[in-house]
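My entries follow in the order I made them.

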Amino acid sequence: MSTIVQLQEPEPCGWSRSEVQRFASNAAMSLGFKPGDSIEDVVAKLGGTVSTSDWASARNTGSITVKAPREFHIALSPLSGERRSRFTIAHELGHYILHSQVGKKPLSVKRDGSGRVEWEANWFAAGFLMPEAEFQAKVNEGLGSAELAEYFGVSEEAVQIRRSSL
C-alpha cells in the first residue's frame with residue numbers, strides 16, 4: 001500500500017545572504033564538491049534524480065519535488081545550457097537542503113517563482129558553486145569574468161552577481 005505525500009509550498013529559512021552562502025560553501029565542502037565537479041553526482045549522493053523535461057512540458061514542470069529524505073527529483077528545462085543548468089541544480093539543492101530540511105518537509109517548488117524563498121535558493125547556489133574564499137582568491141589572481149565562469153562552471157552573469165555581492 002503506497003502512502004500519499006502532501007507536498008507543501010516552501011517557507012523561507014530566514015537566514016541572511018551571507019549565512020546562507022557560508023552554509024552552502026560548507027555543505028559543498030562536506031559533500032566533497034569542488035568547483036567544476038559534477039553537480040549531478042551530488043544530487044545522486046543525496047538520493048535525488050535529475051531529468052530534462054521535453055519541449056512540450058518545459059513551461060509546466062516543477063523544478064523540484066521532495067517527497068522524503070533521499071527522495072527528490074529536479075526537472076530541468078530543455079531551454080537551458082549546461083552552465084545555467086548547473087546553477088539551477090544548485091538552486092534546487094538549496095530548496096532541498098534549506099527549505100525541505102533535507103527531505104523532512106515534503107515540498108514542490110514550481111519554475112519561475114519569486115520572493116524570499118527563491119532568493120535564499122539563489123544565494124545557496126552561489127555559495128555552493130562559487131565559495132567565497134576560493135572566488136576571492138581567483139579574483140586576486142587576476143582572473144576575468146570569462147575565466148571565472150569557466151573555472152566555476154557557471155555563466156558570466158552568475159560571476160558578475162557573485163562579484164557584486166562580495
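Predicted model: local features only at pLDDT ≥ 70, side-chain atom pairs only at ≥ 80, totals over all residues.

**Entry 1: α1 against α4**

I started with helix α1 (residues 17-30) and helix α4 (residues 116-129), which pack with their axes 7 Å apart, at an angle of about 45 degrees. That angle makes α1 oblique to α4. I also looked up the hand of the crossing of α1 and α4, and it is right-handed.

Who makes the contact? From α1 I listed Arg17, Val20, Gln21, Phe23, Ala24, Ser25, Ala27 and Ala28. From α4 I got Glu120, Trp123, Phe124, Ala126, Gly127 and Phe128. Sorted by class, the α1 and α4 contact has 9 nonpolar residues, 3 polar and 2 charged.

**Entry 2: Gly127**

Next I picked Gly127, a residue of helix α4. Is Gly127 buried or exposed? Its relative accessible area is 0%, so I have it down as buried. Setting aside neighbours within four places in sequence, I found Gly127 in contact with Gln21, Ala24, Ser25 and Arg162. I also checked Gly127 against Val20: they are 107 residues apart in sequence, yet 7.5 Å apart in space, C-alpha to C-alpha.

**Entry 3: the core and Phe124**

I then turned to the largest nonpolar core, which has 39 residues. Which residues have the most contacts inside it? I wrote down Phe72, Phe124, Phe128, Leu129 and Met130. Helix α3 (residues 82-99) gives the most to this core, with 7 residues. For background, nonpolar side chains tend to be buried together in soluble globular proteins.

I followed up on Phe124, leaving out residues up to four places away in sequence. Phe124 touches Val20, Phe23, Ala24 and Ala27, and also Ala90, Leu93, Gly94, Ile97 and Leu98. Val20, Phe23, Ala24 and Ala27 were already on my list for the α1 side of the contact with α4.

**Entry 4: Met130**

Met130 was another name from the core list, and I placed it in the loop between α4 and α5. Met130 has a relative accessible area of 1%, so it counts as buried. Beyond its neighbours within four places in sequence, I have Met130 in contact with Ala125, Phe135, Phe152, Val154, Ala158, Val159 and Arg162. Arg162 had also come up as a contact of Gly127. For Met130 and Arg116 I noted 14 residues of sequence separation and 21 Å in space, C-alpha to C-alpha.

**Entry 5: α5 against α7**

How do helix α5 (residues 132-140) and helix α7 (residues 156-165) cross? Their axes come within 11 Å, and the crossing is at roughly 100 degrees. The two helices, α5 and α7, are therefore roughly perpendicular to each other. On the α5 side I noted Glu132, Phe135 and Val139, which meet Val159, Arg162 and Arg163 in α7. The α5 and α7 contact splits into 3 nonpolar, no polar and 3 charged residues.

**Entry 6: two positive phi values**

Gln101 is not a glycine, but I noted a positive phi of about 55 degrees for it. Val102 lies in the loop between α3 and β4 too, and its phi is also positive, near 55 degrees. As for accessibility, Gln101 is partly exposed at a relative accessible area of 37%, and Val102 is partly exposed at 39%.

Definitions and conventions:
Residues numbered from 1 in each chain as written. Heavy atoms only, no water. Axes fitted to C-alpha atoms, helices over the stretch in contact; angles between N-to-C directions. Helix = DSSP H or I, 4+ residues; strand = E, 2+ residues; numbered from the N terminus. Parallel < 35°, antiparallel > 145°, perpendicular 65-115°, else oblique. Left-handed = near helix turned anticlockwise from the far one by under 90°. Contact = heavy atoms within 4.5 Å. Nonpolar A, V, L, I, M, F, W, Y, C, P; charged D, E, K, R; others polar. Buried < 20%, exposed > 50% of the residue type's maximum accessible area, 1.4 Å probe, protein only. Core = buried A, V, L, I, M, F, W, Y, C linked by side-chain atoms within 4.5 Å.
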